[in-house]
Amino acid sequence: QRILRLAEMCRKLETEEEKVLPFYPSSLADGEQQDARRVFEETPTEPLAQAMRDYVGLERFWQRFNKVKLEEKALEQERAALRQRNRRLRALLRQYMEGISVSQGMLMEPNPL
């Protein structure tokens, strides 16, 4: 009941795209979808599979949960890539600044001009 209440509260925070297109496209081929549908319609014999039938209503919740986890991972990877790029840019900037600055050692050397 708590999860369903939270799902209702989260519904208010959904984007327009999520409200209009609540179903995610399947990556399965037509034959695989038919096989999955056939297996789903069979009566389960194992206790775990029977228990899972009780939670079919939470399928949309798990879809959203998985989508959020995937987005979180993608953002983590993007953040890591941006950190790496930032380090490279800082190193290039440091190298450039060292190249254009006049240091005491440079003043002691003979003028190449």
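Analyst: A salt bridge is a side-chain nitrogen of Lys or Arg within 4 Å of a carboxyl oxygen of Asp or Glu. This is a predicted model, in which local features need pLDDT of at least 70, side-chain atom pairs count only at pLDDT 80 or more, and totals for chains, interfaces and linings use all residues. Residues are numbered from 1 along each chain as its sequence is written, and side-chain values use heavy atoms, with hydrogens and water left out.

User: How many helices and strands does the protein have?

Analyst: Along the sequence the pattern reads α-α-α-α-α-α. Helices (DSSP runs of H or I, at least four residues) and strands (runs of E, at least two) are numbered from the N terminus. The count is 6 helices and 0 strands.

User: In which helix is confidence highest?

Analyst: The mean pLDDT (the predictor's confidence in each residue, from 0 to 100) of the protein is 78, and 77% of its residues reach 70 or more. Confidence is lowest in helix α2 (residues 16-20), at a mean of 68. Where pLDDT is low, the predicted coordinates should not be read in detail. The highest mean, 89, belongs to helix α5.

User: How far apart are the end C-alpha atoms of residues 65-95?

Analyst: UniProt, in an unreviewed entry, places a "coiled-coil region" at residues 65-95. In the model this stretch is 100% helix and 0% strand. The C-alpha atoms at its ends are separated by 45 Å.

User: What percentage of the residues of the protein count as buried?

Analyst: Buried means under 20% relative accessible area, exposed over 50%, and partly exposed in between (1.4 Å probe, protein chains only). The protein has 113 residues, and the share that counts as buried is 4%.

User: Which residue forms a salt bridge with Lys69?

Analyst: Lys69 is partly exposed because its relative accessibility is 41%. The closest N and O atoms are 3.4 Å apart, and the partner is Glu72.

User: How many Å separate the closest N and O atoms of Lys67 and Glu71?

Analyst: Side chains of opposite charge can pair when their charged atoms come close. Lys67 and Glu71 are 4 residues apart in helix α5, so about one helical turn lies between them. Lys67 is partly exposed at 25% relative accessibility, and so is Glu71 at 41%. In their salt bridge the closest N and O atoms are separated by 3.9 Å.

User: What is the relative accessible area of Lys73?

Analyst: Lys73 meets Glu76 in a salt bridge (3.8 Å, N to O), and both lie in helix α5, 3 residues apart. Glu76 is partly exposed because its relative accessible area is 40%. Lys73, however, counts as exposed because its value is 51%.

User: Which helix gives the most to the nonpolar patch?

Analyst: Ile3, Phe61, Trp62 and Phe65 make a nonpolar surface patch of about 370 Å². Ile3 is found in helix α1 (residues 2-11) and is partly exposed because its relative accessible area is 40%. The helix that gives the most, with 3 residues, is α5.

User: What distance separates the C-alpha atoms of Phe61 and Ala7?

Analyst: Phe61 is in helix α5 (residues 59-100) and counts as partly exposed because its relative accessibility is 32%. Ala7 lies 54 residues from Phe61 along the chain, yet their C-alpha atoms are separated by 7.3 Å.

Definitions and conventions
UniProt positions renumbered as here; feature names shortened; annotations may be inferred. Patch = residues over 30% accessible without salt bridge, like charges linked within 9 Å, V, L, I, M, F, W, Y side chains within 5 Å. Areas by Shrake-Rupley, 256 points an atom, 1.4 Å probe, with all protein chains shown as cover.
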